[in-house]
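Subject: The structure for you to look through

Hi there,

Here is the structure I promised to pass on. Have a look at it first, and then read my notes below.

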Amino acid sequence: MAQQQNQNATLNVVGTRGPNIDAIARVTGTAKYTGDIELPGMLHARVLRSPHPHARIVGIDTSKAEALPGVKAVITYKDAPKLPIWGSRQFVMNDRVRFVGEGFAAVAATDLETADRALRLIQVQFEQLPFVMDPEEALKPGAPQLFPDGNLEGQARAVTRGSVEQGFKESDRVIERVYRCPTMWSGSMEPHAAIALWEGAKLTMWCSAQSPNRVHMNMTQQFDLSDANCRIISSYVGGGFGTKSAPHVDETIAALLAKKAGRPVKLQYTREEEILDSNTRFEVKMYMRVGVMKDMSIRALDVRAYINQGAYHSRLGGLGNHATHLYNITHLRTQQFRVHTNIANTGPTRGVGDPQECFGLDSVLDEIANEMGWDPMAFRLKNIKRNGDPVPRGQTGVEDGVLINQGAELCINQGAARLGWNRRNPTPGAGQSGPKARGIGMAVTERGGGAGLAGAEVKINLDGSVVMSFASTDIGTGSRTTLSMIASEVLGVPLSKFLTVAGDTEAAPYDGGSQGNRTLQSTGRAVEQAARDCLQQVFAAAAPLLKAMPAELEMRDSVVRVRGDAQRMMALSEVMSRRGRSIVGDGNVAGAQTGMNVERTPGAHFVEVEVDRETGKVRILKYVSAHDVGQPINLTIVENQLEGGTIQGLALTQAEEMRFDPRDGKCLNANFLDLKPPTMMDFDPRVIDIIAVDNKSAFGPFGAKGLGENPNHPGMAAVANAIYNATGVRLREVPFTRADVLQGLGQQRPAAQTARG
Amino acid sequence: MDNFSYARPATLRDAASQLGREHNRVMLIAGGTDVLGELKDHLREPERLVPIRHLKELQGIRPSRTGLRIGAATLLADIAESDVIRQQAPVLAMAAGKVGTPQIRNMGTIGGNICQRPRCWYYRNNYPCFKHGGNTCFSAAGENDFHAILEGGPSFIVHPSDTAPALVALGATVRISSGSRERSVPIAEFFVTPRQDARRENVLQPNEIVTELEVPSAPAGSKAIYVKEMVREMWDFALCSVAAMVTVQNGVVQNARIVLGGVAPRPYRAAAAETALVGKALDEASATAAGEAAVQGARPLAKNAYKVPLTQAVVKRALLSLA
Amino acid sequence: MADDDREQSEGAVSRRAFLKGGAAATGALSATLMPGVAEAQLPLAKDADPRLTTVDLRVNGVAYRKEVPNSRTLVEFIREDLKLTGTKVGCDRAMCGACTVILNGRNVYACSMLAVEVSGGDVTTIEGLGTTDALHPIQQAFIEKSGFQCGFCTSGQIMSTKALLDKMPRPTEDDARLLMSGNLCRCSAYKRILESVMTASRLLQA
C-alpha cells in the first residue's frame with residue numbers, strides 16, 4: 001500500500017483510517033433500508049409489464065382485478081400524468097410500450113400474493129408494432145420509429161478540433177477499428193424500492209435513490225406539489241452505481257397507487273424487474289480511427305459512437321471525456337449518436353460512458369502502439385496531458401482552460417513500477433510455450449468531479465453533540481463517514497460525537513445527490529462551509545465566557561481554548577449549555593471548479609493475465625489500480641472504493657452482458673445465475689493491489705477528490721491489451737468469453753482446434 | 001408464488017399415494033432449490049407439493065453388497081464431505097462439491113440434483129418449448145451459447161447436473177418407488193435423449209419417487225476426477241464437465257469411464273474416448289486422442305462451437321491428472 | 001400495527017400478528033436435525049384449509065408458532081411475520097446470498113426454503129448474533145476490517161462467516177474464499193470481507 005503519513009501536521013482527522021461511523025448499524029442488520037420500513041395499513045404493489053418490445057395498448061379491462069378481495073387500487077396508463085419522468089422521455093405509464101418489461105398498469109393490495117393474482121386478472125389487448133434493437137439499424141431509413149421525432153435523441157453531440165481528414169493525411173500511420181460494449185447489467189444488491197405516504201396534500205416517500213432531490217423534483221412535477229409538500233427520504237441505500245441516480249417510474253407508481261387507495265403503498269422491485277427496468281449500462285459501438293506520427297504523437301483521432309439508449313434513457317448518455325481531456329490530440333472529432341431502440345432502459349453507470357470509451361480508446365491506442373512497435377506505456381506518456389496543458393473547461397472540446405494538479409503521469413509510473421511493466425514481452429504472443437500464455441496490459445482513465453449544487457446543515461446540540469444533515473446519500477461510498485470527518489476536522493469535535501441524517505430533502509438544503517464523483521467534493525465543501533459557520537458561532541458564544549476575542553479562539557477535542565493560553569478553556573458542552581440554544585450552520589456551494597483552471601481525476605490500471613489457450617480461460621495474476629485520489633479523507637474508504645470498483649470493472653470482462661433474443665426482444669438472462677456477477681472466487685481479491693496517489697485538489701475540501709467511479713473504467717481495456725500481449729489475439733468486444741478467446745486463437749492458427757462436427 | 005396444498009407424508013407409501021398420473025399437477029419437493037424457482041417463475045403451477053426430504057426411506061449412506069447405498073434425500077454437502085464416499089466413490093464426492101455454493105449444497109439433495117430441470121434460458125423464461133409441452137426448441141436458432149453439442153435435437157438443452165456424470169461413470173443404479181411398486185434402473189438408462197422424450201430428462205413416471213442410489217465402489221486401483229469448466233469459478237452450471245475414472249495396470253489403461261456434463265441433453269458417456277484409451281499408456285498422446293474422440297460426432301450450434309475444443313482440452317487434462 | 005384492516009379472502013393470506021414465544025410445544029425441538037427435517041413434530045395441514053399450515057420455528061432462541069400459507073418462504077416468515085428485517089432479499093432465487101441464515105447449524109438461502117419445510121427447525125439470523133451494544137466477534141471483525149460498503153449483503157456475509165467458522169475455526173484464506181463463495185457483494189468489497197473472515201477467526205480463537 002502506498003500509504004503516506006499525514007504530511008499536513010495541522011490535520012487531525014482527515015487522512016486517517018478507521019471504520020465507517022454507521023458500521024454498527026450495517027453489521028447488526030439494524031440499518032433500515034427502504035424495504036425494511038413498514039407503515040401502519042401499508043399496501044403492497046405489483047406492476048404489470050409488457051411482454052412485447054413495441055406495442056400499442058388498444059384495450060385494457062381491470063374490472064376483475066378490482067373485484068378481487070384485498071385489492072385496494074388498480075391504476076393504468078389512463079391514470080398516469082402525461083408528463084415525462086424527470087430527465088427522461090418516459091411517462092410513468094403510457095398506452096405505448098417500447099420495451100419488454102415496461103409497466104403500464106399496477107395494483108396495490110393487502111399482500112403481495114393478492115397483488116400478483118390481481119395482475120393476472122387484468123385483460124389487455126396489444127397491437128404489436130415492429131421493433132428494432134440495434135442502434136445502427138434504428139437509424140436506417142424505414143426502421144421502426146419509437147418516437148414521432150425519430151430514434152435519434154436530439155443532435156448527435158459533436159466535438160471538432162482541427163480537421164481529422166487533414167490529420168490522417170499528415171499521419172505516418174492510420175488504423176481504424178470497431179469496438180463494442182453490449183448492454184450490461186449494472187445494478188446493485190438492493191433492488192429499487194419506494195414507499196409512498198400521503199397525508200392530505202403532502203407526500204412523504206422513502207425510496208432507494210442516489211439523488212433524493214431529483215426524485216423530489218420529479219414528484220413535485222408529476223403531482224403538482226409545492227416543494228414543501230414533498231419529502232423524499234433515502235437514508236440507507238443498498239448500492240446505486242448510477243442506476244438510482246435519476247428518478248424512476250417506481251416512485252411515481254407507488255405514489256399514484258397510494259393516492260388512489262388512500263393508504264401507504266410499498267413497491268419493491270423483484271430482481272428480474274430490477275434488471276429489466278432500471279437504467280442499466282448502455283451498449284456502445286465505437287468506430288475508432290487514429291493516426292500517429294513517427295515521433296509517437298497522436299496526430300488525429302476520429303470517434304464515431306452509436307449509443308444504444310434503449311427505449312428511454314435517464315438523462316442523456318454518451319461517452320466520457322477521455323479523448324478530449326486525457327490526451328493531447330491535434331485533430332479530433334467525436335460524434336455520438338444517441339439512439340433509441342426497443343430494449344431496456346439505460347443510464348449512466350459508474351461513469352457516464354467512461355468504461356465504454358476507455359475500452360475503445362485505450363484499445364485502439366494499444367493497437368497502434370503495437371503496430372508501430374512502440375511500448376504502449378511510453379506511447380501514453382508521450383501523449384497524456386500534463387499540468388499547464390490546454391484542456392477544455394466544458395465538454396465541447398474547445399481547449400479554453402489550463403490543466404492543474406493532474407496525476408496521470410504519477411499513476412502511470414507508480415502503477416507500472418508496482419506491476420513490473422519492464423517484464424512485458426515486447427513481441428505479443430511470442431515466446432510462449434505450453435497452453436498457458438502470460439501477458440501484460442494497461443489502460444488509463446480520467447473523470448471530472450464535484451459538479452453541481454450542494455448543500456449541508458450542521459447543528460451543534462446543547463450537549464455538544466453534532467447532527468449533520470445532507471440530501472445526498474451514502475450508497476456504500478462511505479460519505480456519511482467522510483463528510484463527518486470533514487466537519488470533525490473543521491470543528492475540532494471528535495467523530496464519536498457525530499450523527500448524520502443522510503438523504504432527507506426536508507432536513508437538509510438542496511443537493512444534487514450522490515453520483516458523478518461529486519459527493520465528496522461538492523457536498524464536502526458545503527459541509528466544510530457549514531462547519532465553519534458553526535465554529536464562528538461557537539467562538540462568538542465562547543468569547544465573552546473566556547474573556548477573549550473570537551479570533552483568538554480555537555477548538556480541539558470539543559474544548560474551546562484561547563490560543564497560546566493554557567489556562568483559559570471551556571468544554572463545548574458548557575459553552576452550549578450556557579448559550580442555551582443550539583447552533584446551526586449551513587453551507588451551499590455551486591460546483592467546486594471555477595475559473596480557468598481545470599482539474600481532473602485520472603487513474604491507470606496495469607494487469608498481468610494468464611490465458612489458457614486450450615480452454616479460453618483468462619485469469620488475472622496481478623492487478624494494480626493506481627488512482628489520483630487528491631487528499632484522502634479516510635484511507636480505508638479510499639482503498640475499499642478502489643478495490644471494489646476495480647473488481648466491478650473486471651466483472652465486465654467475464655460476463656454481465658444482457659442477452660436479448662432478436663426474434664422477440666426479450667432479455668433471456670435477467671437473473672444473477674445467468675448474468676454471473678463475480679463471487680469471491682472469481683477475481684482473487686489478494687491480487688488486487690491499490691495505489692492511492694496523494695495529489696491534492698485545489699477545489700475539494702482539504703484537497704480531496706471524488707474517486708468512486710474511476711476504478712470501474714479501465715478493466716476492460718487493460719485486460720484486452722494484456723490478452724493481446726499474451727496471445728496476439730485482439731478482442732474488441734466485451735465480455736471476453738471462452739468462445740471469443742478460442743475463436744481468436746483458432747483464426748490465428750487455422751490448423752488448430754476449431755472442429756465443427 | 002401461488003399457494004398449494006402441502007402435507008408431510010409419514011412414509012414413502014403415503015408420499016407416493018399423494019402423487020397423481022400426470023407431471024406438474026402434483027410435484028415432489030426435496031431440497032427445493034430448483035422447484036421453488038420454477039414455482040416462483042410460474043414455470044409450473046402445481047396444486048400440491050409433496051415433501052419427501054424428511055422420509056426415513058430416503059436417508060442415509062449405507063454400505064451395500066457392491067458398494068454404497070445413498071438415500072435420495074442425502075444432502076449434497078454430506079456427500080461431498082462423506083469419508084466413506086470419498087474413499088469408495090471419490091468422483092461422486094468431487095462432483096457433489098462442485099454443485100452451486102455451500103448454501104446450495106446444504107439445501108439440495110442428490111435425488112434432486114439428478115432430477116433437476118434444464119437451465120436453458122428459454123425454458124426458464126417460459127417459452128412454449130418442448131419442455132413446456134410445445135413443439136419448438138427456441139435455442140436451435142436462438143441464443144445457444146450454452147446448449148448441446150452432442151445428442152442435441154429436437155431439444156438442445158444440456159443436462160445441468162454435476163453428480164449425474166459421476167454416477168454414470170460409477171455405474172450407479174437408481175432405485176425408484178411408486179409406493180406399491182419398486183424398480184431399479186441403471187443410471188445410464190435413467191436419463192433420456194430428446195429423441196426418446198423431448199419433454200422430460202429422465203424415465204421417472206408422475207407417480208414415482210427416486211428413493212436411493214446404489215453406487216458400486218470404484219474399481220480397485222482406479223483413479224478418478226471430476227473437472228468442471230464454468231464462466232464463473234463457482235456458482236455456475238458447467239460449460240463442460242467431465243467425470244473420468246481409469247484403472248491403470250502395468251502402465252496400461254485397463255478400464256476407463258469418461259462421462260461428460262454440460263454438453264448434451266443427458267450425461268454423455270464418451271465411449272469412443274474410452275475405447276481410444278484402453279490398452280494404451282496414459283500419456284499426453286493417448287489423453288489427447290481421447291479428448292478428440294470424446295467430441296466425435298459433435299454438431300455445434302451457431303454460438304457454441306467453442307465447446308468442442310474446450311471439451312477436448314478438459315478431457316485431456318482430466319485424464320493426464322490421473323496419470 | 002393493527003391487522004384489522006387485512007381482509008382474508010378465499011385462499012388468501014392471513015397475516016395475524018405472530019405469537020411471540022407463545023408455543024409451549026416447541027420446547028421439544030431438536031437442534032441436531034438436518035435442515036428442515038423435524039422428527040418430533042410434523043406440522044399437519046389444517047382440515048379447514050389445506051393451503052395453510054402451522055409452523056413451529058425457533059428463531060434466535062425464541063420459539064414461534066404461526067399459521068402461514070404453504071407458499072410462505074423462510075425469509076418471508078423471518079422478515080414479514082417476525083419483523084426481523086436484518087435478513088435481506090436480493091434476488092429471491094438462491095442466486096445472491098443476501099438472505100443467508102443459519103438453519104440447524106448450516107447456512108442456507110432463506111428465500112428458497114419453505115417455512116413449512118423447515119418447521120421444527122432452529123434458525124439464527126443476524127439479529128441473533130450480536131446487538132449494537134454487545135457485538136459478536138464476527139461483527140467486530142467486519143467493522144475493524146470494513147468488510148462492507150453498502151451493507152445490503154452484509155447480514156448474509158456475516159451469517160456465512162458464522163457457519164464457516166463454526167465448521168472450520170481456523171480456515172486458510174483459500175478455504176474462506178471457497179466457503180464464502182455463495183454470497184455476492186456487488187460493491188465487490190471482497191478483499192475486506194476476506195480480511196474480516198480471517199480476523200473473525202482470530203478474534204474467536206482469542
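Let's begin with a question: are W235(B) and Y109(C) buried or exposed? Both of them are buried. Please keep in mind that this is a predicted model.

W235(B) and Y109(C) form a stacked aromatic pair, 5.8 Å from centre to centre with 5° between the planes. The pair crosses between chains: W235(B) sits in the loop between β9 (222-229) and β10 (240-249) of chain B, while Y109(C) belongs to strand β5 (residues 106-109) of chain C.

Over all chains, a search of the whole structure finds 19 aromatic pairs. Another of them joins W421(A) and F606(A); their ring planes stand at 80°, over the 60 degrees that count as edge-to-face, so this pair is edge-to-face, with centres 5.7 Å apart. It links distant parts of the chain, as W421(A) and F606(A) are 185 residues apart. Both W421(A) and F606(A) are buried. There is also a cluster, in which ring pairs link Y33(A), Y236(A) and F152(C).

Now for chains A and B. Here 37 residues of chain A are in contact with 39 residues of chain B, and the area buried between the two chains is about 3200 Å². R659(A), L668(A) and L673(A) supply 20% of the area that chain A buries against chain B, more than any other three residues.

The count between chain A and chain B is 10 salt bridges. R120(A) forms a salt bridge with D2(B), with the closest N and O atoms 2.6 Å apart.

Enjoy exploring!

Best wishes

Conventions: Residues are numbered from 1 along each chain as its sequence is written. Chains are lettered from A and ligands numbered from 1 in the order in which they are written. This is a predicted model: local features need pLDDT of at least 70, side-chain atom pairs count only at pLDDT 80 or more; totals for chains, interfaces and linings use all residues. Side-chain values use heavy atoms; hydrogens and water are left out. Contact means heavy atoms within 4.5 Å. Buried area is the accessible area (1.4 Å probe) that two parts lose on being put together, summed over both. A salt bridge is a side-chain nitrogen of Lys or Arg within 4 Å of a carboxyl oxygen of Asp or Glu. Rings of Phe, Tyr and Trp (its six-membered ring) pair if their centres lie within 6.5 Å; planes under 30 degrees apart count as stacked, over 60 as edge-to-face and the rest as tilted. Helices (H or I, at least four residues) and strands (E, at least two) are DSSP runs, numbered from the N terminus. Buried means under 20% relative accessible area, exposed over 50%, partly exposed in between (1.4 Å probe, protein chains only).
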